[in-house]
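Here are my notes on the model you asked me to look over.

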Amino acid sequence: MRILFQKSILAFAVTALVGMAAAHGQGPEKPYPSEVEAVTRKVADWQIETYIDMARYRALPLGLEHQKWRRTKKYDDNDWTSATFHLGLFHFAETIDEPGYMEWLKALSEGVDWKLRWNPKGIEHADDHAMGQLYLDLYEEYGDPVMIADLQSRFDAILEDPEESQKRAWFWCDALFMGPATWARLARVTEEEKYLYYMDRQYHLSHSRLYNPEEGLFYRGGKFMKNREKNGAQEFWARGNGWVYGGLVFLIPDLPPDWEGRQFYIDLFQEMSLALKRTQRSDGTWSMGMLGNEADYPIKEISGTAFFVFGLAWGVNEGLLDHETYEPVILDGWKAMVDCVNEEGMPGYVQGVGAAPGASDPGHTEIYATGAFVAAGAEVYCMIQSE
């Protein structure tokens, strides 16, 4: 495979590209496409090379430091955490035409027999649906029906159970990344509208409960609505909103162009984009509590930021967001992300698994953050290349 590059060569390339940019009077806020590609490859390759040992780098959720197993246990290959990296890597691989990454993803999926993760909470749990997006992507790439057989069987079972199909399944905002795009993509690939209608119903149920139209942001869940920042503002968790925003990027392209429900999702994406522009910090990131004062979040965190940069750049590339208005926001966010990548290629300053603002530090990362990073790199690369 071509995916494990010589680190010394890659490091030299990144250094050289930065030097070229400076020589041409162009600072890091306006990198060359080749510079964006190089640092994104560096992050992707680091995650692949350390994949089996991912627990070593993982951030501990605030208040759960006693759970030692979190330092030794690798996430499941078809868990939502790992699936986020796989989706980001596929998106990057398509963008730069890197078949080695595709083959790695295919081999990994074969290792779990193309199955969704089983969850004792029930077959409708969205966390276990995220990996289905990758199976559908690879199915369209390779054309083997085995790749989506378990996924379709699982979703059919949900639809055939009146109790499961009618209840509100996506009651936390993270689910809007894990589930909707999988259902919409299956609808497009199979040309069966039943999957699209289920997705749309569930999305609207979650939106009506969790979305704050005045702020253009989502609460993480019902029990978090009363939470307040130190300055009295309501609590809107950055990564939670990142899940929703990144989920829209994966969802909207799979919606039928002439479907009457499509505009709702585009409007939502644009409303959230305005909120992101309004809440970006002076350092280019977004505070974990998006409406909190910067001083109350002295340590930056980039998992939410990476999802936001991914979505904003995609919106510009697709013509849904004004280039002149949003490019400075994107480039400031991208620079902040790149500044958090260490010499080996690990993006630090990542909050661990959680449900609200917590802790972050430069020495820890999470595989979902590398997924958001490489997805963002793909879109920033496209944005700059087209200029």
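1. Helix α3 (residues 80–96) and helix α15 (residues 367–385) pack at about 20 degrees with their axes 7 Å apart, and the two are therefore roughly parallel to each other. Axes here are lines fitted to C-alpha atoms, for helices over the stretch in contact, and angles run from 0 to 180 degrees between N-to-C directions. Angles under 35 degrees count as roughly parallel, over 145 as roughly antiparallel, 65 to 115 as roughly perpendicular and the rest as oblique. The crossing of α3 over α15 is left-handed, meaning that the near helix is turned anticlockwise from the far one by less than a right angle (clockwise would be right-handed).

2. A word on provenance: this is a predicted model, in which local features need pLDDT of at least 70 and side-chain atom pairs count only at pLDDT 80 or more, while totals for chains, interfaces and linings use all residues. Residues are numbered from 1 along each chain as its sequence is written, and side-chain values use heavy atoms, with hydrogens and water left out.

3. Which residues of α3 and α15 make the contact? On the α3 side they are W80, T81, S82, T84, F85, G88, L89, H91, F92 and T95; α15 contributes I367, Y368, T370, G371, V374, A375, A378, E379, Y381 and C382. Contact means heavy atoms within 4.5 Å. By class, the residues of this contact are eleven nonpolar, eight polar and one charged. Ala, Val, Leu, Ile, Met, Phe, Trp, Tyr, Cys and Pro count as nonpolar, Asp, Glu, Lys and Arg as charged, and the others, Gly among them, as polar.

4. Now the overall picture. The protein chain has 15 helices and two strands; helices (H or I, at least four residues) and strands (E, at least two) are DSSP runs numbered from the N terminus. Of the 387 residues in the protein chain, 59% are buried. Buried means under 20% relative accessible area, exposed over 50% and partly exposed in between (1.4 Å probe, protein chains only). Among contacts with a separation of 6 or more, 70% join residues 24 or more positions apart.

5. The axes of α13 (residues 303–317) and α14 (residues 323–338) come within 9 Å and cross at roughly 150 degrees, which makes α13 roughly antiparallel to α14. This crossing is left-handed. T305, A306, V309, L312, A313 and V316 of α13 meet H323, Y326, V329, I330, G333, W334 and M337 of α14, a set with ten nonpolar, three polar and no charged residues.

6. How far apart are the end C-alpha atoms of α5 (residues 130–142)? They are 19 Å apart, which agrees with the 18 Å that its 13 residues should span at 1.5 Å a residue; the expected span is 1.5 Å times one less than the number of residues. Buried residues of α5 include M131, L134, Y135 and L138, and the cover over its buried residues includes α3, α4 (99–111), α6 (146–160) and α11 (238–251). Just after α5, G143 takes a positive phi of about 80 degrees.

7. Two other backbone angles deserve a check in your viewer. Most residues other than glycine have a negative phi. D113, in the loop between α4 and α5, has a positive phi of about 60 degrees although it is not a glycine; at 52% relative accessibility, D113 counts as exposed. Y349, in the loop between α14 and α15, also has a positive phi, near 60 degrees, and at 23% Y349 counts as partly exposed.

8. Last, I302. This residue is in the loop between α12 (262–279) and α13 and is buried, with a relative accessible area of 2%. Leaving aside neighbours within four places in sequence, I302 is in contact with T285, M337, C340, P347, G348, Y349 and V350.
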